[in-house]
Amino acid sequence: RKADEGVRVNLLVWDDRTSVGTLKKDGLMATHDEDTGAYFKDSNVNCVLCPRNPDSGLSLVQGIGIGTMFTHHQKTVIADSPVPGRDSSQRRIVSFVGGIDL
């Protein structure tokens, strides 16, 4: 709703490589990345599915391992907020970085 009111909302969702119909639509870890992308498709929310691409210097086995590791517990929230005790036109960036409890 806030995106429709002019608030810029960006989502960076890890693209689970196992979210394919032949394995399991919501991925082996049930991250629902494809569902999230589809939900926000025609909205004012910018939702990007971001694949985890391993370093090209790794072996094939290392690349497969890193590319399929699950990072769905990483969360970052970044917000523009007023500076406490100051003029309402003064803003600051407030960020929260956390894991499963954020």
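Visitor: Why is Phe40 called partly exposed?
Guide: Its relative accessible area comes to 22%. Buried means under 20%, exposed means over 50%, and partly exposed is what lies in between (1.4 Å probe, protein chains only). With 22%, Phe40 falls in that middle class, so partly exposed it is. Bear in mind that this is a predicted model, where local features need pLDDT of at least 70 and side-chain atom pairs count only at pLDDT 80 or more, while totals for chains, interfaces and linings use all residues. Residues are numbered from 1 along each chain as its sequence is written, and side-chain values use heavy atoms, with hydrogens and water left out.

Visitor: How do you know what kind of aromatic pair Tyr39 and Phe40 make?
Guide: Rings of Phe, Tyr and Trp (its six-membered ring) pair if their centres lie within 6.5 Å; planes under 30 degrees apart are stacked, over 60 edge-to-face, and the rest tilted. The count for this rule is one aromatic pair. In it, the ring centres of Tyr39 and Phe40 sit 4.9 Å apart with planes at 90 degrees, so the pair is edge-to-face.

Visitor: Why is the contact between Asp80 and Arg91 called a salt bridge?
Guide: The term asks for a side-chain nitrogen of Lys or Arg within 4 Å of a carboxyl oxygen of Asp or Glu. Asp80 and Arg91 come in at 2.8 Å, N to O, so they qualify. Asp80 belongs to strand β3 and Arg91 to strand β4 (residues 91–98), so the pair ties together parts eleven residues apart in sequence. Strands here are DSSP runs (E, at least two residues), numbered from the N terminus. As for cover, Asp80 at 48% is partly exposed, and Arg91 at 45% is partly exposed too.

Visitor: How many salt bridges turn up in the whole structure?
Guide: Two. Lys2 and Glu5 also make one, their closest N and O atoms being 3.1 Å apart. Both Lys2 and Glu5 are exposed.

Visitor: Is Ser81 buried or exposed, and how do you know?
Guide: Ser81 has a relative accessible area of 17%, which is under 20%, so the label is buried. Ser81 sits in strand β3 (residues 75–82). Leaving aside residues up to four places away in sequence, Ser81 touches Gln90, Arg91, Arg92 and Val94, where a contact means heavy atoms within 4.5 Å.

Technical notes
Helices (H or I, at least four residues) and strands (E, at least two) are DSSP runs, numbered from the N terminus.
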